[in-house]
Each structure stands twice: as C-alpha cells, then as structure tokens.
Amino acid sequence: MPEQTTAGQTTRAIPRSLLITNARLLDGPDTDTNDLQCVRIEEGEIVGIGREMTAEGLQTLDAEGATVLPGLIDAHVHLQSVPGSAFRKDSTEVLHTYRYRQLRAYLACGVTTVLDNAISAPMLREFQNYFDGGGIGPRLYALAPAFYPPGGYLDHDMLTPYWGPQWRAAGSKEDIRALFDEYEGLQNIVGVKTLLETGFGKANIWPLHSPRDTQDHHGGSL
C-alpha cells in the first residue's frame, strides 16, 4: 500500500475493498472452527461470506486460519495522556511520538473504536486533522468538554504538564459556555463529561457543580 506523511506521521492508504481468505469465523456454539471461510468487503462493507470466492481484482489477505471478528470498542481512553510519561519525564517530542504510536497499538490489539472520556479541544482537533489526512488508528469519539468547579477534582496541580493541553475550571455558566465554544466545529463529540468526584473514601474535599450551574444557554439541563 502506498505510504504518505501526515502530521509528521507515516500513514498508509487503507483499501476499502478486500477479500479475506482462510478466515476462522465464530458464529455461535455450533461453529466448526476448522471450516475456514472467505469474507468479501466492498467499499468498507461486508458483502459476502463463503468457502470459495474469487478476488476479481480485489486485494487479497490470507488470514492463514486466524480468527476474524468485529472490531473491539474501548469505551474509556485518554489519548492525550501517555502512560508512564510523568515517571519518565518525557519531552514534548517523545509525548507526540507516543500519542500517535498508541493509535496503531489499538488496532494491533483489535480495537477499532475508542471513546475518549476527557480530551482538550486542541488535542482533539490535532487527532481529527491526523485522521482526515489519512492517519491510521481507531475511530475516535469523545466526551467533551469535561468541566469541574474551581477547587474541584482535577483543579490546581492535579493534572501534570505531561497530560498535555488542558481544559480549565468553570466557575459560572459563562465559563461553561466558553468551554463548549472551544469545541465548536469538532466532530464525533457524543456527550459531555461532568466530574462528580468529591474526594477519596469518606473525605468530601472537592466541590461539585449545582444543577443551577449546569443549566445550559439553550434553557435545558446538562
């Protein structure tokens, strides 16, 4: 497949039409795992499954008896936070490299869709530009913005610089509205995140937003 460079990353043009041969498919408890099948994909959709299929000009991938199954979904990720970076004290360049390397790692583990549960607007925009330019990785959906009151969970120094670009505390409805405005035009945002942690164990040390605070500017309740 041809390679190209996007956002400093090497990407490949992924074929939308493909014939997978010699695939082990699981279809209920009576599946004969020795009965290898072919899966024909055209324009990103499965159009046929059978024992014998011809490629007819399609690129062919021999699964060699490996199991083919629908992509997995990871419903809680934080793509801008690189595991271990705070302990390694990664540089900005290393953080950037690892953020994109993890996208390939998700695919290598069979995860084709992720939901980021709190991501800053600059970081979400950067990832979306990468994917729009042909970057390789899972489908990305997000909860955004994430908001908390001044002095609440994640305020002050709780987020280290290794987390990357950050949002900020929202002390008023105007602050909350400003946070929403930062994400204007970004795609695949499927909800918002309100941080409800009040402390560890029985220690209630962090304030929460009241229902009045989270009344949005359209008159509805968040």
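Buried means under 20% relative accessible area, exposed means over 50%, and partly exposed is what lies in between (1.4 Å probe, protein chains only). This is a predicted model, in which local features need pLDDT of at least 70 and side-chain atom pairs count only at pLDDT 80 or more, while totals for chains, interfaces and linings use all residues. Residues are numbered from 1 along each chain as its sequence is written, and side-chain values use heavy atoms, with hydrogens and water left out.

**View 1. The whole protein, with its confidence.** Here are four helices and 10 strands, where helices (H or I, at least four residues) and strands (E, at least two) are DSSP runs numbered from the N terminus. Starting at the N terminus, the order reads β-β-β-β-β-β-β-α-α-β-α-β-α-β. Of the 222 residues, 34% count as buried. The protein exposes about 13300 Å², with 52% of that supplied by carbon and sulfur atoms; accessible areas come from the Shrake-Rupley method with a 1.4 Å probe, and for residues only the protein chains shown count as cover. The average pLDDT (the predictor's confidence in each residue, from 0 to 100) is 84, and 88% of the residues score at least 70.

View 2. Where pLDDT is low, the predicted coordinates should not be read in detail.

**View 3. The largest nonpolar core.** A nonpolar core is a set of buried Ala, Val, Leu, Ile, Met, Phe, Trp, Tyr and Cys residues joined through side-chain atoms within 4.5 Å. The largest one here has 20 residues, and Leu79, Leu103, Val114, Leu124, Phe127 and Leu140 have the most contacts inside it. Two or more residues each come from α2 (92–108), β8 (111–116), α3 (121–132) and β9 (139–147), and α3 gives the most, with six. Zoom in on Phe127: leaving aside neighbours within four places in sequence, Phe127 is in contact with Leu79, Gln80, Arg99, Tyr100, Leu103, Ile119 and Leu140. A second, separate core of 12 residues includes Ala146, Tyr148, Leu159 and Ile176.

View 4. The buried residues of α2 are Leu95, Arg99, Tyr100, Gln102, Leu103 and Tyr106. Seen down the helix axis, these buried residues fall within an arc of 140°, so they line one face of α2; the arc is that of the directions from the helix axis to the C-beta atoms. Over on the other side, Glu93, Arg101 and Ala108 are exposed. At 1.5 Å a residue, the 17 residues of α2 should span 24 Å, which agrees with the 25 Å between its end C-alpha atoms; the expected span is 1.5 Å times one less than the number of residues. After the helix comes Gly110, with a positive phi near 90°.

**View 5. Helix α3.** Ala121, Met123, Leu124, Phe127, Gln128, Tyr130 and Phe131 are the buried residues of α3. Its 12 residues should span 16 Å, and its end C-alpha atoms are 16 Å apart, which agrees. Just past the helix, Gly134 takes a positive phi of about 100°.

View 6. Pro165 is found in the loop between β9 and α4 (173–182), where it is partly exposed at a relative accessible area of 31%. Not counting residues up to four places away in sequence, Pro165 touches Gln80, Arg99, Ser120, Pro122 and Met123. Ser81 is 84 residues from Pro165 in sequence, but the two are 9.6 Å apart in space, C-alpha to C-alpha.

View 7. Most residues other than glycine have a negative phi, and most peptide bonds are trans. The peptide bond from Ala144 to Pro145 is cis, with omega near -5°, and Pro145 is found in strand β9. Glu64 has a positive phi, near 55°; this residue belongs to the loop between β6 (59–62) and β7 (72–77), and counts as exposed at 69% relative accessibility. Asn188 has a positive phi too, near 60°; Asn188 is in the loop between α4 and β10 (189–194), and counts as partly exposed at 38% relative accessibility.

Definitions and conventions:
Contact = heavy atoms within 4.5 Å.
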